[in-house]
Amino acid sequence: MPQKIRLRPIILFLIKYRWIVLAIILFLFVWALTVYAKNITLTDNSLPVWLDHHDPDYIEYQNYLKEFKNDRLMAIAFEVSDPFGNKELHFIKNLSSELQKLPQIAKVLSITTAQYIESKEDEIIIKGLFDTLPNDRRDIDEKKAIAVADKNLNGVLFNLKTNVSAIYLTLDIDSSVQSS
């Protein structure tokens, strides 16, 4: 015959030492919650998790990563009356500056942040195209001539035929995960 468990001594013990028992239960609950929360905060949602490694789309994605090094690029393109107009250059410079302040943005590339290479005799100099915005139209035209001749800028950061300017953003996904 099974033995009866007497609950009275257990209940009396719990009543007598209720604050200590409550503190122990609360401590164990908080400890378990922090251990559990620490293990569930990050989730891998990358393409390798979702696609078969032999899938043609996945292979193409891997080729893209080999060429461009990351998939954290965003482009903002907008129509302007003149990509090298004084008003437009000020707008692009201000927008680029504000975007660079965001913690989720690692790098901003626009016509006002672009660099070009200049060589003189035996030295190579990397210069900012528009470190400071010139007020004189002749100075703007000099910079425009440099930009139009540079195939890495012309057709990428601006298009004179369609009057489009672009800003490219390299996103810092790690900081956006931490800030959210």
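Let's start with a term: a residue is called buried when its relative accessible area is under 20%, exposed when that area is over 50%, and partly exposed in between, using a 1.4 Å probe and protein chains only. Lys-120, at 44%, is partly exposed. Keep in mind that this is a predicted model, where local features need pLDDT of at least 70, side-chain atom pairs count only at pLDDT 80 or more, and totals for chains, interfaces and linings use all residues. Residues are numbered from 1 along each chain as its sequence is written, and side-chain values use heavy atoms, with hydrogens and water left out.

What does Lys-120 pair up with? It forms a salt bridge with Glu-118, with 3.7 Å between the closest N and O atoms. A salt bridge here is a side-chain nitrogen of Lys or Arg within 4 Å of a carboxyl oxygen of Asp or Glu. Glu-118 is buried, with a relative accessible area of 19%. Glu-118 also meets Lys-127 in a salt bridge, at 3.0 Å from N to O, and Lys-127 is partly exposed at 29%.

Now look at Glu-98 and Lys-101, whose salt bridge has its closest N and O atoms 3.0 Å apart. Glu-98 is partly exposed at 46%, while Lys-101 is exposed at 58%. Elsewhere, salt bridges link Asp-82, Arg-137 and Asp-141 in a network. By this rule, the count comes to six salt bridges.

Next, find helix α6, residues 137-149. Helices (H or I, at least four residues) and strands (E, at least two) are DSSP runs, numbered from the N terminus. From first C-alpha to last, the 13 residues of α6 reach 18 Å, close to the 18 Å expected at 1.5 Å a residue; that expected span is 1.5 Å times one less than the number of residues.

Finally, follow strand β6, residues 164-171, which runs antiparallel to β1 (residues 73-79) and is joined to it by seven bridges. Two strands pair if DSSP finds at least two bridges between them. Strand β2 (residues 105-109) is also antiparallel to β6, with four bridges, and Val-108 stands opposite Leu-169. Two bridges join β6 to antiparallel β5, residues 158-159. Which residue in β6 is the bridge partner of Phe-158? That is Ser-165, which is also the partner of Phe-78. Four residues lie between the strands in the hairpin of β5 and β6, where Asn-163 takes a positive phi near 55°.
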